[in-house]
Every structure is written in structure tokens, then in C-alpha cells.
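Reader: I would like to go through this protein piece by piece. Please show me the sequence and the structure, and then I will ask my questions.

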Amino acid sequence: MKPPVFATLGCRLNAYETEAMKELATAAGLDGAVVVNTCAVTSEAVRKAKQEIRRLARENPGAAVIVTGCAAQTEPETFATMPEVTRVIGNHEKMQAETWTGLAAPVDLIGVTEKVQVNDIMSVRETAGHLIDGFGRVRAYVQVQNGCDHRCTFCIIPYGRGNSRSVPAGVVVEQIRRLVDKGFLEVVLTGVDLTSWGADLPGTPRLGDLVMRILRLVPDLARLRISSIDSIEADENLMLAIATEPRLMPHLHLSLQSGDDMILKRMKRRHLRDDAIRFCDEARRLRPEMVFGADIIAGFPTETEDMFANSMKLVDDCDLTFLHVFPYSARKGTPAARMPAVKGPLIRERAARLRSAGDVALARHLAAQIGQVHRVLTETPRMGRTEQFTEVSFAEDQPEGRIVTVRMTGVEDGRLTAVPV
């Protein structure tokens, strides 16, 4: 039997779910297929998905091509009309064992003639957990939440992921225990709208409650990270964990999207500019070594040069270190797609300016680390990451998958260089 080929596009959550799909496909005995897990966050992501499908079909002649993920969920007809595609599977269906059993069965036994197997994601109510034995070699990712109840005007993702669903805390803790027993030193909590975790669970716990529970009940876990959060929804216990729990890593990625109040209102975000600055100031007061990454969109409809300047200034006002810049991309069916658009060349020019500001911010952070001592989790013999998630290069091999104490000696190719202490 030839193992299926998997390709993942888009977010870390997609990568996590690809690992879960591999287990399901292997258990079902799927033979020699190509599976493409797509992203829908921008129209460019959909274009790249089609490009990847054609490439993999050429490289794997005769193989069944199965397309899934957010783009398959939101616009299945786009992929169903491609001659290379055999089946289109929805985001809910891709996590079901029976889907893969059906795909692995001989054609005359499947009993399903439709090319598209995509149901209404909004009707899904069960929790999001898809337990796997570990994703990554030294850092494990645990999905604790899926979907989103908010409707930002630019975002298609709720229509690809459905409404928010949370994995119960007990299930999360048990999985993390298993991962620690397997030797993982660092676990990252992931989700589509992570700070909404718990809203659909009995007692409506908050993300901070989950973080504190994990750290209390899994004392052998060396490092816990949180992926992207909505800072306006940070709860009291999350701030307490930032202040008091050294095993919670001092790096947060924030879903900011803009630094201008009018644009934030037109995006239907739940925070204003001053809220973002206030959160960063408070988190850094509680944990002085805290660093921030952020998502920012350039060229949202109606954005003037003065409005964009507010986003540029936010990089310094929040003292951001890692910028993830999105040139605005209209998604059909979203309210923003009907707003007066900024011209494409101007969007790209603003995105380039934001990325340059991000490069300056990162260089400033790297320079400030020279001479400092950090504990680094080694991902390869020559590369690791600090507690602040900054990349570090080693001149000599280090033991892989260990936490080593090193002194920063310089900066090279956007990474810190270091030697053991």
C-alpha cells in the first residue's frame, strides 16, 4: 500500500488537523491518494490551493485527489469543477473516521456518488478535540477550540469553521499529560478564536482558567504557549498567569488588524486602538520580558493615508516585535467586500511599508538580546527558540529537543547567535 500524500496550506490549526487526518487515513487504509488541506483566509490562498492541486496531480498521476479545509468548505464548487479533483470534503467531515473509511473503500462499495461531501458547518455542535500523539518533534500543538461566534466584516473563516466549540478542560489536561509522558517539553494551545474557549461549556470557564488548570495539574510540563488571542477578551486569570506563572511563555500573538478606530469599527472588531495599547502596557508591566506579535491588515476598504499611519504608529505604541501583515483581500460574501476598495497597488505598497516597520521592530528586539542569557528549546542541533519565541542559531551542535542555557553573541540572518553558558 502506498501512503497518501498530504499538503497543508494556511494556519497552524490546519497543520494540526492534517496530522489528525493522517492518523484517520492510515487507520482506514487509504491507498495512494493526494489530500490537500486548504486555507480560505484570502483570495490569494484559494488561488494557491488550486495551483497546489494541479502540481500534486501532475506529480502523482492516477492518484485520487481529495480537497478539504476552509476553502473547500466555503466554496466547494470551485474545486469540484477542477478536472484533477476526485472528492471535496468539508471541515467537519474531514475529522470523521467514517469519511476516511468510505474514501478508502473500493468505488463500487462507497455508495456515495456525489463528488462534494460538505455539510452545513453551522450545524456542528460537538467539541473540536482531535487527539493525536504529538505534532512536531519537540513542540506539541493542542487544539482546544474551533470556530468563531464573531462576524468581523472582512473574515470568511466562521463560514469555514462554524460557530465556536470548546474542548472540555479535562480532555485537554489528559492530552497534555500524554504528550509530556512522550517527552514533549513545550505545548502550544491553538484555536480559531482562542479567547472564546469555555463560553459553550458548563459554568462558562475562561481561557485563563484553562491555563491555570493545565499548569497546576501537569507539573512536569516545562513550557506552555498560547497562540493568537483577542486581547480585549483576556480574562483576570489569564493576566494572573502572565504575572505569576514562569512556565507560561512571555510571547503573545495578538489579533489587532488595524491601529485606527474608524477602521476597527468598520471591521466590526471589539476593541479600539487604546484598548490594544493598554493591554500591551499592562501585560508588560506584569511580565517585563513579554514580547508581542500581531496580525495587521493593510489597505482595508476606506482606509486613508492617515488611517494607515495609525496602524504604522501602533507598531511602536504597542512595542510589537513580530508582525504578520495581510494585504487586504476581498472575500465574496463578506460585508467588507461591498465597501469602497483601496486600489491594489496602494494596498501592496502599504503592506510593504508595514513589513519594513516589522523588520525594524524585530531588529531592535534582536539587538537588545545580545549579551543576555536565555533558556532555549532546541528544535534541531543548530537551531532553537527562546522563551520569547525568538529564533537562535548555534555554531556547534546542541542536543535536540532539550532546553539549554545559552548566551546571545550576535545577530545573523534575522536570528540570534548563541553559545552555551
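Reader: Which residue in strand 18 is the bridge partner of Gly 410?

Author: This is a predicted model, so what follows describes a prediction. Strand 17 covers residues 403-412 and strand 18 covers residues 415-420, and the two pair in the antiparallel sense over six bridges. Gly 410 has its bridge partner in strand 18, and that partner is Thr 417.

Reader: In what order do the five strands close into a barrel?

Author: The pairing in this barrel is mixed. Neighbouring strands of the sheet are turned against each other by 55 degrees on average, direction ignored. The five strands close in the order 14-15-16-18-17.

Reader: Which residue of strand 10 stands opposite Leu 189?

Author: Strand 9 runs parallel to strand 6 (residues 139-143), joined to it by five bridges, and Tyr 141 stands opposite Val 188 there. Strand 9 also pairs with strand 10, in the parallel sense over four bridges. In strand 10, the residue opposite Leu 189 is Ile 226.

Reader: How many residues does the largest nonpolar core have?

Author: In soluble globular proteins, nonpolar side chains tend to be buried together. Here the residues with the most contacts inside the largest core are Ile 176, Leu 189, Val 211 and Ile 214. Val 211, for one, touches residues including Leu 224, Ile 226 and Leu 238, not counting those up to four places away in sequence. The number of residues in the largest nonpolar core is 55.

Reader: Within what arc do the buried residues of helix 10 fall?

Author: Helix 10 (residues 236-244) has Leu 238, Met 239, Ala 241 and Ile 242 as its buried residues. Seen down the helix axis, they line one face, because they fall within an arc of 155 degrees.

Reader: What covers the buried residues of helix 10?

Author: The cover includes two strands, strand 10 (223-226) and strand 11 (251-257). It also includes helix 9 (207-217) and helix 12 (273-286).

Reader: At the start of helix 10, which residue's backbone nitrogen does a side-chain oxygen of Asp 235 reach?

Author: The oxygen belongs to the side chain of Asp 235. It comes to within 3.1 Å of the backbone nitrogen of Asn 237.

How values were computed
Residues are numbered from 1 along each chain as its sequence is written. This is a predicted model: local features need pLDDT of at least 70, side-chain atom pairs count only at pLDDT 80 or more; totals for chains, interfaces and linings use all residues. Side-chain values use heavy atoms; hydrogens and water are left out. Two strands pair if DSSP finds at least two bridges between them. Axes are lines fitted to C-alpha atoms, for helices over the stretch in contact, and angles run from 0 to 180 degrees between N-to-C directions. A nonpolar core is a set of buried Ala, Val, Leu, Ile, Met, Phe, Trp, Tyr and Cys residues joined through side-chain atoms within 4.5 Å. Buried means under 20% relative accessible area, exposed over 50%, partly exposed in between (1.4 Å probe, protein chains only). Contact means heavy atoms within 4.5 Å. The arc is that of the directions from the helix axis to the C-beta atoms. A polar contact is a pair of N or O atoms within 3.5 Å; within protein, one must be able to donate a hydrogen and the other to accept it, and residues adjacent in sequence count only if both atoms are side-chain atoms.
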